[in-house]
Amino acid sequence: MMKELTVFMVFAWIVSTTGHDFFSSTTRNELFSSTDKTAQLFEEETVLLESFRLYINAEEKNVERMKSILLALQLLTYTDPESPEKTMRVPAAAYKLLRRVRSEWLTIIQYTQLSLYEIYQKLLNDSTIPQPEDLNAAASELIRLQEFYKLYPHNLTKEAPLNADEAYHIGLVAYDEHKFQHAFLWFLYSRERLTEYSIVDEKKLLDLLSSSAYIFGNLPVAIYFSQLLLNQDPTNDEVKVKLNLYKHLRFQKTSNPDIFTLNTKSENSYEALCRGEVDERTSKRQRALSCRYSTGGGNPRLMYAPVKEEVEWDEPRIIRYHDIISDREIEFLKNISRPQLSRSKTRLGVSKIRTSQSVFLEEDHPVLARISQNIADITGLSVESAEVLHVQNYGIGGRFESHYDASDVENGRIATFLIYMSDVEKGGATVFPEVGVALKPKMGSAVFWYNLQKNGRVDWDTLHAGCPVLMGNKWLATKWIHEFGQEFRRPCSLSETV
C-alpha cells in the first residue's frame, strides 16, 4: 500500500508543478488561441487519466488495509452479555473501555488520513482542465470559421464528427451570439445525432429549432418545429401559445429567408481573397512577374550562396524568399517559444481581431543572431534599430484581421520580414486586400515588403491580414525593421506622393 501511495504522491507532485503554471487562473493562456497549446492537451489528458488510475489503485489498497484493521479491532473488542450500565459499575471496566475506544479512534484516524481524496482534489483543481470559457471561446471560433468560409456543420466536422451534445453546445453559443442561422443548423445537426446516451433531449432541440427559425425570420420552419414539439407533448401550453402566435404572424409576413442555405457571397475583399476568389486580372499580372537568384545588392555573404527571390507583386513590391531558414532553426524557434507564448495583442490590447499567441525573443543566442544577420543581408537594410524576432502560433480559426504594420510616426516600421515556419493545409494565407494579392504559407520561405514610402509616409496599399486557419498549425516569425539606420540604404524621397 505504501508503495502505491508513494508512487501516486510523486506523480501528483510532478503534475501539479508542471501543470499549474500552464493553466493558472491568474495567467490564463487561453488554449483556443494557440493550436500548439491546444495540442498539449493530448499529453495532459494522458497524465490526467494515469493519475486517476494511480489514485484508484492507492485508494483500493488503503480500503483493503482499513478492512483488515476493522476486523482486528472487532476481534479485540471486549463484549459483555450484561448491560453497559451494569458492566460500567466496575471501575477497571470503565477505564478499559476508555482506553480501548481511544486506541480504536486513533487507529481509525491514522488509516483514514491515508486517503488521498483531498490531495487528488487539489491536483484536479491545479491541473490543465479547460474551463467553460475555453469551451465557449473555441465554439465561438468555429462559428466564425463558418461565417468566414461559408461552411455548414457537416463541412466543419468531416474530419472529426461531433455527437449530439457537442453540437448542441456550439448551437447554444451561436444562439447567445445572435447568430440564429448557424444556431439553427447546429441544432439540426445535433438532432440528427441523438442517441439514448445523449444528455440533450429532442424536445429541447425542437424548441430551440423553432425559436431560432422564428428570430431569423422564417415562420413556416418555426411553425413546423413547434408543431413537431406539440405532437410530442400535447399538454405543453407554452408551445400552443407560440404556435398560435407564429400562425397569426405568418399571414402578415410574406418574406421568409431560407434558413437552410448560407449566403456564399463574400462581404469584402479580405474575405474573398481568403476564400481563393482572386481576380483573373490579378493572376495574369502575377504570372508576368519574375524569379531570380539574389545577392542582396552585392552582399559578400550572398555571392556564393544567393537566395531564391520571387516577386509576388510589383507595386507595392512584395518579395518572397525561398529556403531562407532551415528545419532545424525552425524547430529551435518553436521550442524556445512554446514556454513563453501568451495571448497576442494589438495596439488596443487583447482583441478578437487577432487570435494567436506570441512572444518576442531576445537575440542572445547564436541561432537568433544568425537569423537576424541573414535578414539584414537579404534585404540590404540595417537591423540595428529593428525589433527582436516576434514568433506567433495561431489557434482555432487563428487570424489577424486587416491592419497596417506601420503608423505615421518618427522611426516607424519601414519594412516587414515575415517568415513562415509551417505549411498550412487550409486557410492561413497572408492577403493584401487593397491590391488583391493572396500569399499561401510555405514553410522555410519569407515574405518582405516596405510599409513606408520613400518619403516616410505610410503606404496605404500595404494593408494586409492573416486569414483564419481552417486546418493546420500556423507558425510565423516576424522581424519589423525601423527607419533609423536606413538613411544610406534606402535614401529618402523629396516627393510628396511617393
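Before anything else, a definition I need: the expected span of a helix is 1.5 Å times one less than its number of residues. I also noted that this is a predicted model.

**Entry: α16 by itself.** I checked the length of α16 with that rule. Its 14 residues reach 20 Å from first C-alpha to last, close to the 20 Å expected. Then I looked for what is tucked away in α16, and the buried residues include V367, L368, I371, S372 and I375. Just past the end of α16, I found G380 with a positive phi of about 75 degrees.

**Entry: α16 against α15.** How do α15 and α16 cross? I got axes that come within 11 Å and cross at roughly 120 degrees, with α15 covering residues 327-337 and α16 covering residues 366-379. The two helices are therefore oblique to each other, and their crossing is left-handed. From α15, the contact uses E329, F332, L333 and I336, and from α16 it uses V367, L368, R370 and I371. Sorted by class, I have 6 nonpolar, no polar and 2 charged residues there.

**Entry: α10 against α12.** Next I went to helix α10 (residues 202-216) and helix α12 (residues 237-250), whose axes come within 12 Å and cross at roughly 30 degrees. That makes α10 roughly parallel to α12. This crossing is left-handed. On the α10 side I listed D207, S210, S211 and Y214, which meet K242, L245, Y246 and L249 of α12. The class tally for this contact is 4 nonpolar, 2 polar and 2 charged residues.

Notes: Residues numbered from 1 in each chain as written. Predicted model: local features only at pLDDT ≥ 70, side-chain atom pairs only at ≥ 80, totals over all residues. Heavy atoms only, no water. Axes fitted to C-alpha atoms, helices over the stretch in contact; angles between N-to-C directions. Helix = DSSP H or I, 4+ residues; strand = E, 2+ residues; numbered from the N terminus. Parallel < 35°, antiparallel > 145°, perpendicular 65-115°, else oblique. Left-handed = near helix turned anticlockwise from the far one by under 90°. Contact = heavy atoms within 4.5 Å. Nonpolar A, V, L, I, M, F, W, Y, C, P; charged D, E, K, R; others polar. Buried < 20%, exposed > 50% of the residue type's maximum accessible area, 1.4 Å probe, protein only.
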